[in-house]
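Here is a short briefing on one helix and on the aromatic side chains. Please keep the sequence and the model in view while reading.

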Amino acid sequence: MPIRIRWKSKEYFGIGLLLLGMCGMFQLFFIFIGQYVLAIGNYFVVILVPIGITIALFFAAMIIFESYAQVERREKLRSQFRKSEVASTKLERFLNFPITKPLLIIFLVFIALFFSTHFICVTFLDHTLSFLIAENLSAIVCLLIANLIEKNYGRVQRY
């Protein structure tokens, strides 16, 4: 995990707030699913657990963003005087936005693991425990994937 993250500087403070807000909105979607689709009546499980999961997803997205930013800074230093290439399609411009890749990685992994774990656990347990296990397992795997991306792709330098 990165030791030094420049989130309080003027450069990354807005991006950090965007990441936190998107992770919060994502968990708001899962609160809605938990209450109305899965019929979980325990408000502590449906509200307090997603708050903790929001913080974990934010931390994972922050790690992935920092590793992509590290690679981008390294490439910018290596090729300062080359012509910059302009993204031609809308998809490329969308994916080149700084917070898109980390959020897509985290959200896709979380959704896939949540639903697969929930449907496996609901055969043996009730909906409340299945929701708890699925949320926690998905968040832990997202943190592990963020760490894997940081070590293999970003190679963030420790200060």
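Helix H4 covers residues 100-121, and at 1.5 Å a residue its 22 residues should span 32 Å. The end C-alpha atoms of H4 lie 31 Å apart, which agrees. The model is predicted.

**Burial in H4**
- The buried residues of H4 include Thr100, Pro102, Leu103, Ile106 and Phe107.
- Val109, Phe110, Phe114, Thr117, His118 and Cys121 of H4 are buried too.

- Phe32 and Tyr36 both sit in helix H1 (residues 13-37). They are 4 residues apart, which means a separation of about one helical turn.
- Phe32 has 46% relative accessibility, so it counts as partly exposed.
- Tyr36 is exposed, because its relative accessible area is 60% and the cut-off is over 50%.

**An edge-to-face pair**
- Phe114 and Phe115 have ring centres 5.2 Å apart. Their planes lie at 80°, so this pair is edge-to-face.
- Phe114 is buried, with 0% relative accessible area.
- Phe115 is partly exposed, at 28% relative accessibility.

**The aromatic cluster**
- Which residues form one aromatic cluster? Phe26, Phe29, Phe30, Phe107, Phe110, Phe114, Phe115, Phe119 and Phe131 do.
- Phe107, Phe110 and Phe114, among the members of this cluster, are buried residues of H4.

Note on methods:
Residues numbered from 1 in each chain as written. Predicted model: local features only at pLDDT ≥ 70, side-chain atom pairs only at ≥ 80, totals over all residues. Heavy atoms only, no water. Helix = DSSP H or I, 4+ residues; strand = E, 2+ residues; numbered from the N terminus. Expected span 1.5 Å × (residues − 1). Buried < 20%, exposed > 50% of the residue type's maximum accessible area, 1.4 Å probe, protein only. Phe/Tyr/Trp six-rings, centres within 6.5 Å; stacked < 30°, edge-to-face > 60°.
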